[in-house]
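This note is for a colleague who is opening the model for the first time. The points below can be read next to the structure.

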Amino acid sequence: MSWEALAFLLGLVIAAILMFGAVWFVILLTDLEADYINPIELCNSLNQWVLPEAITHSTLFAIFILNGLWFPSLINLPLLAWNINKIAKSTYHYDPMQVFRHVATYKKEGMIKIGFFLCCFFYYLYGLIIALIHESAIL
Amino acid sequence: MAQMPPNSTQRPRPPPAPAGAPRPPPPGQMGASYPVRPRPPPLQYPPGPGAPRLPPSGRPWPPAPGQAPPMRPMGEPQPGMMRPPVRPPTSRTGSPAPPYNPPQAYAPSRPGMMPPRPLNSTNGYPSHPPRSGTPSYPLSPSVSDTPRSPTSQSGSASGHTARRRQYPDQIASVYTQPQLQAVAPPASYSYGGSTAPMNASAPAQHPQAPQYIVPGEASAPAAAPSPAPPAYSGPGVDGMQNQFAQMGLGTASHQAVPAALLAGPPEIWALEQPPPPVELPPNSALVHQPVLCGPQHIRSTVNCMPNTPALMKKSKLLLGMMFTPFKTPEEGEPPLPVVNEIVRCRRCRTYFNPFVQFTDSLYKWVCNMCHLKNDVPPTFDYDPHSQSPMDRFRRPELNHAVVEYLAPAPYMSRPPQPPVYVFVIDVSFDAISNGSIGVVAQAILESLDNIPNPDGRALVAFLTVDKALQFYSMTPESTEPQMLVVPDLSDPFLPYPNQLLVNLAECRGAVEEFLSRLGEMFRSSPSTGFALGPALVAAKRLIQHIGGKIVVYQSSLPTEQAGALQDREDAKAAGTAKESELLKPATSFYSTFIQQCLGLQISVDFFVFASKYVDLASVIPLAKTSGGSVYMYPSFLSTKPEDVHRVASEVKRFLARSNGWEAVFRIRASSGIRFPAYYGHHFLRSTDLLTLPNVTPDHCYAADVTLENDLSGNMAYFQTALLYTSSGGERRIRVATLALPIVTQMRDLFRGIDQQATIAMLAKKAVDRAVNAKLEDARKAVEGKMLDMVSLDRSELGLVSAGMGQIPVPRAINLLPLLTLGLLKHDALAAMGSFHLPSDLRTYAITQVLTMAPEVLLPYLVARFYALHELPAEAGYPDAQTQLTVLPPLLNLSSEKLVRHGLFLLFTPTVQFMWIGRDIHPGLLQDIFGVSSYQELTSGTFTLTPRDNDMSQRIHAIMARLVSLTRHLFDPTLYLIKEDAAAQLRSMFHAHLTEDKAHHIMSYQQFLSHIREKLQAK
């Protein structure tokens, strides 16, 4: 299996994980609105996953870049930039004092991420298959 | 829609002159009625003989010959302006004001010695120096082009039918004809249109108020005296309410909104007006009399609700509510009715309130929020006390908008907690050098009896902190407290855990012994360093099983271990984006800490004695999240008696005020209404539930209001419920219900605007923004919102688009520019250019803005300014009806008002100033200060002692009334500012004169032209 196919395979797995992560975020935020969870608990559980998520995503980006896969890198660039911006401004933590004001925004972000990772997932799947076909064609 | 006069019939208005430039008095056009200056009041302290006057200022006085302003005949005893007419001297317990007739004849007269001075401009009394040179053309007309009351025949003949010019004598005659009283309600009260006069004495007052009448437009006086007691006091509002209750809503929509022009000085008197009344349709409540929730409990920025989100958006108004849920009736006010049985809607959990409806032959009731039919409990018609049937319509929850329920066991998750106080006292080097320890200890000692502790359950603990923690073990057996030092700050353990938090009543001897020695205890071994973080952790451990209050007395920057802070103050940051960073916490330690405390029902309050930077912004989340209060005394020194007095009185009041423990506060509203954001010191537990580990009567919680969809019906309802544990260990629910009419027309919406509440709300939103984003954003948002509100759709409201340079706005928002300017110049937001306002002071101001109730916040933003050397006859005496001290008329906040022979009082809730002119009458000095000459006084902080004379007592009564209007929240320090005081003191004083240019912020006139430019650019 070529490095390219491996990269896509890894991308496939990571996109699936991140997508489920985003779904979990949205579920928790909905719980908050419905008063099933209190804001402090919510923020404690969300905050510990914000950085791992960003790091995972940037790792994936790095793998694509190192393999010279320009197009997958390009589609991941906006999300990477957005993550870096949030971390640089240190606004990436969910603040229990403020979370109710921004819960609608957070949910929207979550939904966009779900959509994005879903698209990525299928694209990586396609990329993986193409890479494998390409590989077998060479062999 | 009412017809407006064509522009051609209006008196041509001169173009606006550059701000501050002298303008000629208006030429004697026919029909131009002159701004009527308030007539000289009877009591005056004239300038000393031969005193030079300050450059003339103000509006022209006396008016040009041949143009008699609408006045009563000469020679009549004249009342003070804007106040009810003078009562006969005998009717008062005190003495009438002694007039000062001859210049040298200052002699305090005995009661009833002299009659009130007749109006006589030639009496030789330069009480009002001739004025000229400031904008003098008529401004702010009261466009009451509304249909007159049908009962007033001649009113419609002269005032309304033809929009003819109104000649002064006609105007005057309006006031002398008794049957016309009804046509001239104070314009600003003409909320619903034609109403009964405010009271019988109204006509006599009108000529006294400053009037700016544009000929041909109005017969109603522009400036209404406020016959009702100033805002905040219930009776006036109630009185008005009764009148408004008599009229239907139907008339309202045919009338234009009373208008004002934004030009010239602001109509400062409007600051004293009560908020517009809530006009409920008849039979809105179950009982016949209107059931009103006073503005002291719930204050809405608009006293009606738009029916659609579109109308809301179009009106560009700020919609918000300010709740003071724990406002406790003060002495003299009736106590809140207490109800034993809780009846609530099954679905939405709304409490039974006066606005529900009975149906099914009184066996069911329909919830007014969700319209669900609920069963009426069988005991509803039965009085358990007398064990007899009772009339259900006399139940308190049907007759009062605010009631208290005794909560049964389901409302408790644990037995009600006792009052718990942990005093954390900074004893580091800074605290020793400023002397705060002794002052605090003494104040606590003196208030031990006043801590609300009805059943002797209150627990106290003391913790002193420097580099180490010192606990004090106290036992009922011994009066000798034992100090236990814990130097290990990383994980502070509790020595003798059972003897640290002790019952106040049982260990009273030890507590008293400890407090009386505390002041001297650390003097010998000063230690630098202040371990606030470890102290808080230890205090939390001490009370985590029970909850309570941690009261921190802090003098220095926390430097030890957890929660250590650095001095990050940077004077160079002034005016840059970095300045806003200084308002944000430097560490998350304190926010994390307090979030852990929330479930334990622990709150933190602060008393900060800061002579240098303490990074209040970093520790403020402690108070902000847990509902705590913050008091700050910049450059406190125990050698200054004024400082000591202020601290002592505020510490005592803080400890004596009633507290609600382990409280939650929920706000419900009719469906379609949402509260997207809340402001204040609280923790938002869920979208409509505020957690308040401790709730005090002083704190106000504000909420934005938005409409999600169209509102149905003709009333919208808001209900707040505060569940708390009283200091007596009772679990109680305080429920307040507010009903607001739903309106469909923009003009009806504008009639309900409460501009003071609007600015209070705007201020809270702005400081929130300043902390969460940037100061500059907050300033822009404030200005933008104000511009939005004045750039409304004029044709919709029936406003004339006036000539150049004038901005007609509904009268209800005539003070908006001034109040906005006051907010922009306030410490909380002010752009000071390169001048650096210490960030601690700014943080403190922000905290206060966030927590103050609107009636305290308004004077905090825009000071109250009075001339004490020319008090009207009745000022300073109790009002005959309300027994409240009558205040003198408000002055415009401009240094133009200062005269050399004058004595002025500038009041804000936290600080007050007395400005003394160099030519002040020696008699006045003798009366008030007990000195014979101006030279004997020194500028600076001052303790004004009451003296045994009429004048001094009146001034003290006025100052006491002002403090009581701000709920005694603070004990403001008094500064004497002599005319030749040091520049620093003078600038402190002048910073409060909102209409003047200050630092880099515009003067009022500049601000108006700025608004004009922006509006034209739109």
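**Notes on chains A and B**

1. Residues 114–133 of chain A are 100% helix and 0% strand, and the C-alpha atoms at the two ends of this span are 28 Å apart. The model is a predicted one. In an unreviewed entry, UniProt lists residues 114–133 of chain A as "transmembrane region", along with residues 7–29 and 60–82. Residues 7–29 of chain A are likewise 100% helix and 0% strand, with end C-alpha atoms 32 Å apart.

2. What is the secondary structure of chain A as a whole? Chain A has four helices and zero strands, and its pattern along the sequence reads α-α-α-α. The C-alpha trace of chain A spans about 60 × 30 × 20 Å along its principal axes.

3. Two of the helices of chain A can be described as a pair. Helix α1 (residues 3–33) of chain A and helix α2 (residues 39–66) of chain A cross at roughly 160°, and their axes come within 10 Å. Angles over 145 degrees count as roughly antiparallel, so α1(A) is roughly antiparallel to α2(A). The crossing of α1(A) past α2(A) is left-handed.

4. On the α1(A) side, the residues that make this contact include A:Ala7, A:Leu10, A:Ile14, A:Leu18 and A:Phe25. On the α2(A) side, A:Leu42, A:Leu46, A:Trp49, A:Glu53 and A:Ile63 are among them. By type, the residues of the contact of α1(A) with α2(A) are 14 nonpolar, five polar and one charged.

5. Chain B is divided into four parts in the domain assignment. Domain 1 is made of residues 323–354 + 399–413 + 660–751, and domain 2 of residues 420–656. Domain 3 takes residues 755–852 + 1003–1017, and domain 4 takes residues 860–990. Taken over C-alpha atoms, the centres of domain 3 of chain B and domain 4 of chain B are separated by 28 Å.

6. UniProt also names features in chain B, again from an unreviewed entry. "Domain: Sec23/Sec24 beta-sandwich" is placed by UniProt at residues 660–742 of chain B. Residues 660–742 of chain B are 0% helix and 65% strand, with end C-alpha atoms 34 Å apart.

7. A further UniProt feature of the unreviewed entry, "domain: Gelsolin-like", is listed at residues 885–959 of chain B. In residues 885–959 of chain B, 23% is helix and 17% is strand. The end C-alpha atoms of residues 885–959 of chain B lie 9 Å apart.

8. Chain B has helix pairs to look at too. Helix α13 (residues 616–626) of chain B packs with helix α20 (residues 839–851) of chain B at an angle of about 25°, and their axes are 9 Å apart. Angles under 35 degrees count as roughly parallel, and α13(B) and α20(B) are therefore roughly parallel to each other. The crossing of α13(B) past α20(B) is right-handed. B:Leu616, B:Ala617 and B:Ile620 of α13(B) meet B:Ser839, B:Asp840, B:Thr843, B:Tyr844 and B:Thr847 of α20(B) in this contact. Of the residues of the contact of α13(B) with α20(B), four are nonpolar, three polar and one charged.

9. How are helix α16 (residues 755–772) of chain B and helix α21 (residues 854–861) of chain B packed? Their angle is about 80° and their axes are 9 Å apart, which makes α16(B) roughly perpendicular to α21(B). The contact is made by B:Gln756, B:Ala757, B:Ile759, B:Ala760 and B:Ala763 of α16(B) with B:Pro854, B:Leu857, B:Leu858 and B:Leu861 of α21(B). The residues of the contact of α16(B) with α21(B) are eight nonpolar, one polar and no charged.

10. The last point is where the two chains touch. The contact takes nine residues from chain A and ten residues from chain B. In chain B, α12 (589–598) and β23 (683–686) each supply at least two residues of the side that touches chain A. β23(B) gives the most to that side, with four residues. The side of chain B that touches chain A holds five nonpolar, four polar and one charged residue.

Methods
Residues are numbered from 1 along each chain as its sequence is written. Chains are lettered from A and ligands numbered from 1 in the order in which they are written. This is a predicted model: local features need pLDDT of at least 70, side-chain atom pairs count only at pLDDT 80 or more; totals for chains, interfaces and linings use all residues. Domain bounds come from an automatic or database domain assignment. UniProt positions are given in the numbering used here, feature names are shortened, and annotations may be inferred rather than shown by experiment. Two residues are in contact if their C-beta atoms, placed from the backbone, lie within 7 Å. Ala, Val, Leu, Ile, Met, Phe, Trp, Tyr, Cys and Pro count as nonpolar, Asp, Glu, Lys and Arg as charged, and the others, Gly among them, as polar. Axes are lines fitted to C-alpha atoms, for helices over the stretch in contact, and angles run from 0 to 180 degrees between N-to-C directions. Angles under 35 degrees count as roughly parallel, over 145 as roughly antiparallel, 65 to 115 as roughly perpendicular and the rest as oblique. A crossing is left-handed if the near helix is turned anticlockwise from the far one by less than a right angle, and right-handed if clockwise.
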